[in-house]
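Good morning, and thank you for making time for this presentation. Please have the sequence and the model open as I speak.

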Amino acid sequence: MPSPALIAEALRIIDDLLDVQVDEAKRQYYYEEILLKRVIEGASQSGPCEACDENVAAGWIDSEAVYPSGDDGPEFHPYCVCIEEYKESRKRVYL
Ligand SMILES: [Zn+2]
């Protein structure tokens, strides 16, 4: 038979574990659908410009955002052949 002190300690540990589970259950969240975009560098005879390098390096960004060059999409410079790619994603929004 375990001692009363040991039983009390075990009960305290179980209680703590249950508290953690309740806390996690209370952290409610939902998923928000978001649209992302990125630049895929095109190849032209005159080569890519600096603005394109920067914009390509930025990777996936929010579809509402502007690229590092300050543009919201191609063309970034005369004769720019870069294209944009879009994808849907989702992020957790905590209440
Ligand atoms: Zn370009």
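I shall cover confidence, overall dimensions, and then the sheet.

To begin, what you see is a predicted model. The mean pLDDT of the protein chain is 88, and 96% of its residues reach 70 or more. Among the elements, helix α1, residues 4-26, has the lowest mean pLDDT, at 81, while β2 has the highest, at 96.

Next, the composition. The protein chain contains two helices and three strands. Read from the N terminus, the elements follow the order α-β-α-β-β. The radius of gyration of the protein chain is 26 Å, well over the 12 Å that the globule rule gives for 95 residues, so the chain is more spread out than a compact globule. Along the principal axes, the C-alpha atoms fill a box of roughly 85 × 20 × 20 Å.

How much of the protein chain is buried? Buried residues account for 7% of the 95 residues. As for contacts between residues at least 6 apart in sequence, 67% of them join residues at least 24 apart.

I turn now to the sheet. The three strands form an open sheet in the order β2-β1-β3, with antiparallel pairing. Strands β2 and β3 stand at the edges, each with a single partner strand, so one side of each has no neighbour in the sheet.

Let us consider strand β1, which spans residues 29-40. How many bridges join β1 to β3? There are 12 bridges between β1 and strand β3, residues 83-94, and the two strands run antiparallel. Within this pairing, Tyr29 stands opposite Tyr94 in β3, and Ile34 has Ser89 of β3 as its bridge partner.

On the β2 side, two bridges join β1 to strand β2, residues 61-62, and this pair also runs antiparallel. Here the bridge partner of Leu36 is Asp62 in β2.

Is β1 itself mostly buried, or mostly in the open? Of its 12 residues, the number buried is one, so strand β1 lies largely in the open.

Thank you for your attention.

Technical notes. Residues numbered from 1 in each chain as written. Predicted model: local features only at pLDDT ≥ 70, side-chain atom pairs only at ≥ 80, totals over all residues. Buried ≥ 20, exposed ≤ 12 C-beta atoms within 10 Å, placed from the backbone. Helix = DSSP H or I, 4+ residues; strand = E, 2+ residues; numbered from the N terminus. Pairing = 2+ DSSP bridges. pLDDT = per-residue confidence, 0-100. Rg over C-alpha atoms; globule rule 2.2 N^0.38 Å. Contact = placed C-beta atoms within 7 Å.
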